[in-house]
Amino acid sequence: MTQTALNTEAASASGKQVLLDFALQLADDEFLVGHTLCELFDYSGPSLESIVAILSLAQDELGHAAVFYELAHSLGGPTEDWAIYHRPPEDFQSANIAHNRVLDWPMTVVRMALYEHADAARLDALNPTTHEKLGDLVYRVAKEERFHRQHWEAWFVRLAHLPDSRQNVVRALAEYWQQAIDVLDVPDAAELEAELGLDAGALSPPALVDRFLSGVRPLFDRADVQLPAGNPSTWLPGAHSGRRGAHDAAFNEVIGEVRAVHERYPEGRW
Amino acid sequence: MTDQAPQSERSLHEGTALYYVFVQSKKGGRHTHVGDVWAPDSDLALLFAKEHYARREPCVSIWVVPHDRVVASPPEWEEWFQMDQQKRYRLPNEYPADKYIPRSSAQFIQEAYGKPSDGSDGADNG
């Protein structure tokens with residue numbers, strides 16, 4: 001075997017690992033977003049209609065998690081059930097915003113509008129991939145996410161224009177802004193370039209944040225709210241994004257809820 | 001718009017209006033009334049309708065119509081609608097449509113509206 005072939009093989013092996021990490025990031029984010037949205041069932045939103053609609057979005061998110069876990073499994077990762085019920089919590093690669101819910105309507109709307117825009121930024125960047133399986137999933141998932149974005153934006157704009165809730169929207173924006181940007185803490189783009197046939201530049205955190213900002217600006221204009229205070233050049237995924245195991249305290253509580261029934265009835269089938 | 005809502009529903013749906021939802025399951029087909037949503041405005045009514053009525057079944061288009069914009073027949077017509085007269089003479093069962101409709105038109109109808117009735121499923125055939 002020539003040296004070149006060896007190098008290619010080595011690059012491909014680490015590229016596969018990076019792609020596996022990316023698939024788990026997408027899967028873990030979508031799973032926890034879906035799960036925490038389902039909790040709203042217990043909570044009264046503006047109306048029964050609005051909650052039923054959101055539970056439908058939650059099911060979409062769980063469906064997206066399923067296909068990304070499947071992709072991860074095909075790349076040598078865990079099965080979906082193992083990933084959710086047995087994986088050490090520190091192996092979850094989700095960003096904190098995915099589980100960091102507050103059972104409050106404006107908080108939920110802002111969290112989800114920001115999450116959807118961050119999610120769209122990474123899916124858009126992945127869209128031109130030459131990786132057939134990932135490309136197919138991204139295309140199909142992004143189509144559903146367009147509806148989700150419209151849904152959360154519709155609420156965002158309405159709440160921002162209501163005198164009673166405008167301050168809550170602004171407060172929630174400050175609360176979730178960095179957490180949304182942390183979603184863009186993606187695996188090493190240089191490794192992904194070869195594996196995915198993508199330009200590494202487009203997957204760099206600054207490029208993804210730019211994409212995210214150009215997505216939220218028109219929304220903020222419609223809602224007549226300002227970007228949070230701060231220097232835009234410092235808006236980058238932080239070390240405490242939650243990815244790579246460093247989750248905040250609320251994470252274990254949510255995972256505990258997810259696993260409660262399974263741990264009590266490990267032989268259960270449903 | 002909630003003026004006509006029953007008293008029991010009025011507080012539950014305060015600030016919202018009732019919309020009738022129509023779903024078109026394929027292009028060229030008809031929009032069919034599938035249910036209602038209460039929503040604060042027509043944009044949200046559309047978004048709710050998508051999640052309530054188009055999340056599992058095929059759909060290419062949705063209409064939402066404010067319920068108070070629908071012109072409905074008065075209740076007393078219900079009795080008038082009862083068909084006491086035998087209406088068989090109005091039905092086209094004896095008309096061999098295949099013979100008279102040009103093939104291209106028949107195909108068009110089939111593509112737009114699905115398989116044409118072969119007359120075997122009509123209630124008045126027996």
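Two strands count as paired if DSSP finds at least two bridges between them, and helices (H or I, at least four residues) and strands (E, at least two) are DSSP runs numbered from the N terminus. The views below show a predicted model, in which local features need pLDDT of at least 70 and side-chain atom pairs count only at pLDDT 80 or more, while totals for chains, interfaces and linings use all residues. Residues are numbered from 1 along each chain as its sequence is written, chains are lettered from A in the order in which they are written, and side-chain values use heavy atoms, with hydrogens and water left out.

**View 1. The open sheet of chain B.** Three strands of chain B form an open sheet in the order β2-β1-β3, with antiparallel pairing. Because β2 (31-39) and β3 (61-66) of chain B stand at the edges with a single partner strand each, one side of each is left without a neighbour in the sheet. Neighbouring strands are turned by 30° against each other on average, direction ignored, where axes are lines fitted to C-alpha atoms, for helices over the stretch in contact (heavy atoms within 4.5 Å), and angles run from 0 to 180 degrees between N-to-C directions.

View 2. Strand β1 (residues 17-24) of chain B pairs with β3(B) in the antiparallel sense over six bridges, and F22(B) has W63(B) in β3(B) as its bridge partner. Helix α2 (residues 42-53) of chain B lies across β1, β2 and β3 of chain B and runs at about 120° to β2(B).

**View 3. The second largest pocket.** A pocket is an open set of points on a 1 Å grid over the protein atoms alone, with protein on both sides within 12 Å along at least five of seven lines, and its lining residues have an atom within 4 Å of a point. The second largest pocket is lined by 17 residues, of which F147(A), Q150(A), L46(B), L47(B) and K50(B) lie nearest its centre. Helix α5 (132-161) of chain A, together with α2 and β3 of chain B, each supply at least two lining residues, and the largest share, five residues, comes from α5(A).

**View 4. A loop residue with positive phi.** D224(A), which is not a glycine, has a positive phi of about 55°. The residue D224(A) sits in the loop between α8 (205-223) and α9 (249-264) of chain A. With a relative accessible area of 49%, D224(A) is partly exposed, a class between buried (under 20%) and exposed (over 50%), for a 1.4 Å probe and protein chains only.

How values were computed:
1 Å grid on protein atoms, 1.4 Å probe; cavity = no way out; pocket = protein on both sides within 12 Å on 5 of 7 lines; lining within 4 Å.
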